[in-house]
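The sequence and the structure come before the discussion.

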Amino acid sequence: MAIDSNHGAFVEKILLQPPSPSRDLPLSGLTFAVKDIFDVAGHVTGFGNPDWARTHPAAESTAPAVSAILSGGATCIGITVMDEMAYSINGENEHYGTPTNPCAPDRVPGGSSSGSAVAVGADLADFSLGTDTGGSVRVPSSYCGIFGFRPSHGVISTSGVTPMAQSFDTVGWFARNPAILNRVGQVLLQLPDMGPVVPTQFIIAEDCFQLSSIPSNRVEQVLVDSVEKLFGGHVIRHANLRDVVKDRVPSLNTFLDKGNASQEYNIPPLTALSSAMRLLQRYEFKNNHGEWVSTVRPDLGPGIAERVWEAVQSADENVDVCHSIKTELRAALTELLGDFGVLAIPTVPGAPPKLQTDPTTLETFRARAFSLLSIAGLSGLCQVSIPLGLYDNLPVSVSLLAKHGSDGFLLNLVETLYDTLKEQVGWL
């Protein structure tokens, strides 16, 4: 069971020291936690479910991402709770307990990297590793009021990480401040030190901000004012992402016909992106785990059980179209942004939902969330979620995206921008 005295963040406390301790290493003196999806030699990778842990042997080797962090000088203090089979963005686990959101104890912490986010948010570790397939770093970082980074797809090895859906799986990380976020990124991405960066354009996705229940002056305007102060108003552009996607991603027409356009919270091209992402995710999840699920018939919690079985029983249709959409979307956003452009969107459509909310009442929220999350998910672009303090005593955030492979640029930009953002928000 999770350890309550540690906000329920850990499924197992361990201590892994750097192989060659030195004060000169980039992560020396820092502690970190690891999601229960990464292989750690001698430990069973639990994948958030007791039946999975029961039917799998201990790992023989440690995932390269974890080894890189240890070699960078950091000390691992524990393995964290996650949503079962990584198939939720809520963060609730009926087997190991739900990690307590340090910003809002009556709200979900976000998932599936719930324990990793809570460990950082509750100051139990300096940073932590998670994974992000459909939003599993971005969502909990927003809900817990910390930084979360989803790297460009494919730039960090996912070897030794239990797969969810390989077309989207990434190794991401959490930190409480942008300096540590950047230091971890330099180790994982093997980046050289970069000087201050100046974006060529900051594109505010107006239609995406309309999906959010947080007032625009509390998120969008804070960002615009900060960018104007640092870089000048000439770099700011306003755009509707729906037009870019509709005009530049022709393969999406297969999904655009599947309705819900009348619902006010809906941006049809982004809803179609979400449908394509979730279809390909189900297909790959089924290929990875369908046989195990059908054979073992694991005990799965509410919401997750339905999603897992829907995936296992799904038909293999339109998969090729989904891959075409991925290619077209990356090309469209690369052209939109250029080498040093940034796209700004809300990380999530509002405050974290209350614990044990009925899944049906979350339907609208989830639809909005995946419309936002699928942008980086399908394109493979890097994305960072930046905390912007509290609104109505609940955490709020904003996300910045940059073209595939511009991870170092984005990490440095956050470090450059954050002090000014804090001044605009008026919080410490």
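## Charges over rings

Over the face of which residue does K326 lie, and at what distance from the ring centre? In this predicted model, K326 lies over the face of F168, with 5.6 Å to the ring centre.

## Aromatic pairs

By the ring-pairing rule, the count comes to seven aromatic pairs. Among them, F32 and F127 have ring centres 5.4 Å apart and planes at 5 degrees, and because planes under 30 degrees apart count as stacked, this pair is stacked. Since F32 belongs to strand β2 (residues 31–35) and F127 to strand β4 (residues 127–132), the pair ties together parts that are 95 residues apart in sequence. Both F32 and F127 are buried.

The rings of F47 and W52, in turn, have centres 4.9 Å apart and planes at 65 degrees, so this pair is edge-to-face. F47 counts as buried at 0% relative accessibility, and W52 is likewise buried, with a relative accessible area of 8%. Together with W292, F47 and W52 form one aromatic cluster.

## The surroundings of I180

I180 is found in helix α5, which covers residues 178–189, and it counts as buried because its relative accessibility is 10%, with the cut-off for burial set at under 20%. Leaving aside residues up to four places away in sequence, I180 touches L30, D126, F127 and A175; F127 is also a member of the stacked pair with F32. The C-alpha atoms of I180 and P196, which are 16 residues apart along the chain, are separated by 16 Å.

Key:
Residues are numbered from 1 along each chain as its sequence is written. This is a predicted model: local features need pLDDT of at least 70, side-chain atom pairs count only at pLDDT 80 or more; totals for chains, interfaces and linings use all residues. Side-chain values use heavy atoms; hydrogens and water are left out. Helices (H or I, at least four residues) and strands (E, at least two) are DSSP runs, numbered from the N terminus. Buried means under 20% relative accessible area, exposed over 50%, partly exposed in between (1.4 Å probe, protein chains only). Contact means heavy atoms within 4.5 Å. Rings of Phe, Tyr and Trp (its six-membered ring) pair if their centres lie within 6.5 Å; planes under 30 degrees apart count as stacked, over 60 as edge-to-face and the rest as tilted. A charge sits over a ring if NZ of Lys or CZ of Arg is within 6 Å of the ring centre and within 35 degrees of the ring normal.
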